[in-house]
Amino acid sequence: MMSKLIFGRYIPGDSLIHRMDPRAKLLLSFYFIGIIFIANNWQTYALLFAFTLAAITLSGVKWSFFINGVKPLIWLILFTVILQILFSASGGKVYWHWGIITISQLGLVNGVYIFCRFVLIIFMSTLLTLTTPPLELSDAIEYILMPLKAVHFPVYEVALMLSIALRFVPTLMDETEKIMNAQRARGVDFGEGNLFQQMRAIVPLLIPLFVSSFNRAEDLATAMEARGYQGGEGRSKFRILKWHARDAWVTLGFAVLTAALVFLRA
Amino acid sequence: MQRRSNAYHISILAVLIAIIIIQNVVPFFGYIPLPGLSITTIHITVIIAAVVLGPKDGALVGGIWGLITWIRAFIAPTSPLAPLVFTNPLISVVPRILIGVGAGYLFIWFQRHQRPTLGLTLAGVVGALINTILVMGLIGLLYSHQAAGFYQVDISKLMPYLLTIIASNGIPEAALAGILTPLIGTALLRFKH
């Protein structure tokens with residue numbers, strides 16, 4: 001159950017994509033989701049797929065990881081595609097019409113495009129999390145949030161919170177599993193009975209976890225203070241992010257892709 | 001225990017954020033899967049944060065939950081609803097921030113009037129309802145005239161169904177929060193500074 005967590009799973013490697021600056025990777029991944037919406041015909045989607053597949057090949061990560069990323073979502077994607085086919089603004093040749101449901105040529109074509117869009121977004125975001133350690137990602141988020149300092153947003157504090165949170169996810173996950181097993185041993189059935197019984201089963205899960213988390217936070221605070229933590233301003237860094245030539249080249253690659261998409265779109 | 005240092009503040013919020021991340025992926029812990037419905041328990045974490053740490057921190061924890069929902073709506077949607085409506089940050093983030101604000105101030109008011117247990121129950125119910133009502137209201141407001149959302153599905157045609165789904169999730173969620181918040185809250189209020 002716990003091992004299914006795809007978020008933050010990092011596959012170590014030494015490819016171009018692994019060595020890229022995490023800031024570049026994060027921003028370009030967001031940018032990619034944005035430019036997917038330029039695509040509106042089969043040529044542009046084919047180009048996007050070719051680009052994504054090239055990036056995956058470059059990363060040297062096994063294909064199966066990406067397929068496994070899509071698998072648990074496949075029913076949901078198909079459901080959205082069917083919704084799109086049945087309820088989208090209709091156009092083109094109408095094949096079937098009943099009440100508010102319309103199956104039209106345009107609806108079917110759009111359904112296929114939406115399927116592609118889902119798969120592309122999932123592939124690209126999986127590539128980001130598989131090639132970037134979570135701590136590098138939170139460093140990147142800190143840099144990207146920096147402009148918010150102008151409005152007195154506590155950037156350093158939030159970035160540190162995020163790093164600690166990511167560090168604690170596996171620890172608390174183990175603890176959750178331990179508490180669940182402890183309650184199972186006492187006869188609590190998870191996932192059985194009616195809504196009310198299921199709600200009641202959650203109480204002996206949440207209380208111990210919250211209490212132990214609050215205690216853990218106090219210990220952590222003591223440890224931080226003992227090591228002389230006093231606010232984020234002016235702290236030096238262990239991991240220093242550097243923008244290399246390769247990041248500039250990859251950014252240029254995305255610019256070329258954007259130009260090609262604009263040129264090819266209908 | 002009487003400490004109110006910056007380090008404590010950062011570590012407690014970090015641990016709460018970690019809990020929210022875990023609740024997003026572990027069933028029975030973060031959500032109750034029922035046929036056709038999926039009742040979340042994440043709002044309870046936000047309400048507890050708001051009650052124990054105050055409205056501002058509740059808003060922060062709620063905002064993180066909203067951000068996770070927003071990002072997941074693109075890359076790993078949790079329900080058929082998510083890609084349709086939660087891809088809009090106004091619907092996924094803002095109501096969740098306001099859970100923390102609403103629940104936090106409500107509890108402060110009741111505590112001042114010496115009714116902390118009633119305050120915890122009401123903070124739970126009202127916090128959950130703020131989320132449900134704002135999500136429904138914003139969908140109604142944003143999509144009743146403008147047809148297409150992120151995936152071009154004509155949301156205005158689906159509106160009655162969408163609102164029914166959200167309401168049928170919202171009522172058990174409010175009941176759950178009303179029962180669980182006083183139970184968990186009283187155990188944690190000793191951490192309040």
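1. In this predicted model, helix 2 (residues 42-53) of chain B and helix 7 (residues 116-143) of chain B have axes that come within 10 Å and cross at roughly 130°. The two helices, helix 2 of chain B and helix 7 of chain B, are therefore oblique to each other. Their crossing, that of helix 2 of chain B with helix 7 of chain B, is right-handed.

2. As to the residues in this contact, helix 2 of chain B brings His43(B), Ile47(B) and Val51(B), which meet Leu120(B), Ala123(B), Gly124(B), Gly127(B) and Ala128(B) of helix 7 of chain B. By residue class, the contact divides into 5 nonpolar, 3 polar and no charged residues.

3. A separate point concerns the second largest pocket, which holds about 1,500 Å³ of space. Its lining is made up of 45 residues, and those closest to the centre of the pocket are Leu137(A), Ile141(A) and Leu162(A), together with Ile68(B) and Ile71(B).

4. Which elements give two or more residues to the lining of the second largest pocket? From chain A they are helix 2 (22-35), helix 6 (105-131), helix 7 (134-145) and helix 8 (155-185), and from chain B they are helix 1 (6-23) and helix 3 (55-75). The largest share of this lining, 11 residues, is supplied by helix 3 of chain B.

Conventions: Residues numbered from 1 in each chain as written. Chains lettered and ligands numbered in written order. Predicted model: local features only at pLDDT ≥ 70, side-chain atom pairs only at ≥ 80, totals over all residues. Heavy atoms only, no water. 1 Å grid on protein atoms, 1.4 Å probe; cavity = no way out; pocket = protein on both sides within 12 Å on 5 of 7 lines; lining within 4 Å. Points joined across faces, edges and corners; volume = space filled by probe spheres on them. Helix = DSSP H or I, 4+ residues; strand = E, 2+ residues; numbered from the N terminus. Axes fitted to C-alpha atoms, helices over the stretch in contact; angles between N-to-C directions. Parallel < 35°, antiparallel > 145°, perpendicular 65-115°, else oblique. Left-handed = near helix turned anticlockwise from the far one by under 90°. Contact = heavy atoms within 4.5 Å. Nonpolar A, V, L, I, M, F, W, Y, C, P; charged D, E, K, R; others polar.
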